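Please open the model in your viewer and keep the selection panel at hand.

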Amino acid sequence: MSHLEKLEPIVETIILPRAAELDREARFPREAIAALGEAGLLGLISAKEVGGMGLGLAEATEVVERIARDCPATAMVVTMHYAGATLIEMHGPADIRREIAAGRHLTTLAWSETGSRSHFWAPVSTATADGDDHVLLDASKSMVTSAGEADSYVWSSQPLAAGGASTIWLVDARSDGLSSPRPFDGLGLRANASAPVAAKGVRVPLAHRLGGDGEGQGVMFNDELPTFVNLIASVSIGLMEGALQRAVAHVTKTGFAAGGTLAELPTLRAQLAQARNALDGARGVRAVALDRIANGGDDTFMRVLQTKAVAAEAALLVTDTAMRVCGGAAFRKDVGIERLFRDSRAAAVMAPTTDVINDLLARMMCGMPLME
Ligand SMILES: Cc1cc2nc3c(=O)[nH]c(=O)nc-3n(C[C@H](O)[C@H](O)[C@H](O)COP(=O)(O)OP(=O)(O)OC[C@H]3O[C@@H](n4cnc5c(N)ncnc54)[C@H](O)[C@@H]3O)c2cc1C
């Protein structure tokens, strides 16, 4: 059975029926995560040698996109899991890799901080030596998807002793000294537990360093970014598809007493077409990025960054259009569009934010250094 054939019944029987309730109650999608784990889908990108499905980024984007059509919050939990699992696969211990492959371990990224905000490549949190084989981590992480729900955090800090901007660690989420000071009660993605996480002297084995000391920037940009931005783009693409499907269903079945459906209004059809163009444009940009990641090319970094910015901005437009063409009806929760509209707002401000990506793209266009 393919990964999508395994996924479909989970979406239809668990994810979609619970999506509105989880959103209303800001409740973590625990049942969905358990089902995805049992089906092997949390181990989708884990190597076969540790018991995983041994699939790659293209298949991961398909999984995330399909889930996002009906529950972007669950899709973002899976996105952050695949993002963290990518680095654990490359640099992490075999026992955790096996747990992820078996669907018993959920991970996430803990990069954003109250000090460095969305500039995740320059953390201000610290790691200090504790004997020869441990470090103590202190941090104020600002927003961590699956906070208090994940089994581990893929964590950034300043280097221990080396030069460079950062070092990446694998932190057991049950470690003493970790706390999540307040639950998430956000505008959108309300079910994904994106809460702050504080660390006070959290003891981590040196062996749980992901990459070399001071080499965090390379790990972030070379090992992680291609996966992370394509998956976030795929959440945006999935939710756009979900919003358009719901909008089309509404305008083709809703009519006036005098005769004719909403779909018979030409202005409304033009808006729908523009939304479709924006969505398919984002798909095209993602296809180019995935091609460059698979086959290489001088413009790989630019294409990878572009995919997130284009999809995030398109999602703002498409969900805005879906709300508008459905009129006042779209304000009703049962139509299902307002949840996707709220959920769509996150991608543009999730790091690297659209503004930061656009600045980097323009610097490349103008032959300027990427960072001063
Ligand atoms: C739902 C949700 C889930 C999240 N999950 C995670 C997670 O799992 N792990 C994690 O590490 N983080 C996570 N984040 C945090 C996210 O990645 C960003 O760090 C965070 O949203 C940025 O918010 P901020 O208030 O710190 O932004 P700020 O950095 O204060 O930015 C404010 C504004 O300034 C703009 N800006 C900032 N720098 C520049 C620049 N150099 N040039 C131009 N404009 C700039 C930004 O685009 C933004 O519009 C999550 C965020 C959300 C909303």
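Contact here means that heavy atoms lie within 4.5 Å of each other. This is a predicted model, in which local features need pLDDT of at least 70 and side-chain atom pairs count only at pLDDT 80 or more, while totals for chains, interfaces and linings use all residues. Residues are numbered from 1 along each chain as its sequence is written, and side-chain values use heavy atoms, with hydrogens and water left out.

Begin by selecting Gly 56, which sits in the loop between helix H2 (30-38) and helix H3 (57-70); helices (H or I, at least four residues) and strands (E, at least two) are DSSP runs, numbered from the N terminus. If neighbours within four places in sequence are set aside, Gly 56 is in contact with Leu 44 and Ile 45. With a relative accessibility of 25%, Gly 56 counts as partly exposed, a class that lies between buried (under 20% relative accessible area) and exposed (over 50%), using a 1.4 Å probe and protein chains only.

Turn next to the charged side chains. Side chains of opposite charge can pair when their charged atoms come close. The structure holds 30 salt bridges, each being a side-chain nitrogen of Lys or Arg within 4 Å of a carboxyl oxygen of Asp or Glu.

Select Lys 141 and Glu 113, whose closest N and O atoms are 2.7 Å apart in a salt bridge. Lys 141 belongs to strand E3 (residues 134-144) and Glu 113 to the loop between strand E1 (107-110) and strand E2 (126-130), so this pair ties together parts that are 28 residues apart in sequence. Lys 141 is buried, at 1% relative accessible area, and Glu 113 is buried with a value of 1%.

Now select Glu 21 and Arg 27, a salt bridge with its closest N and O atoms 2.9 Å apart. Glu 21 is partly exposed at 31%, and Arg 27 is partly exposed at 29%.

Moving to helix H9 (residues 337-344), select Arg 342 and Glu 338, which are four residues apart and thus separated by about one helical turn. Their salt bridge has its closest N and O atoms 2.9 Å apart; Arg 342 is buried at 12% relative accessibility, and Glu 338 is buried at 10%.
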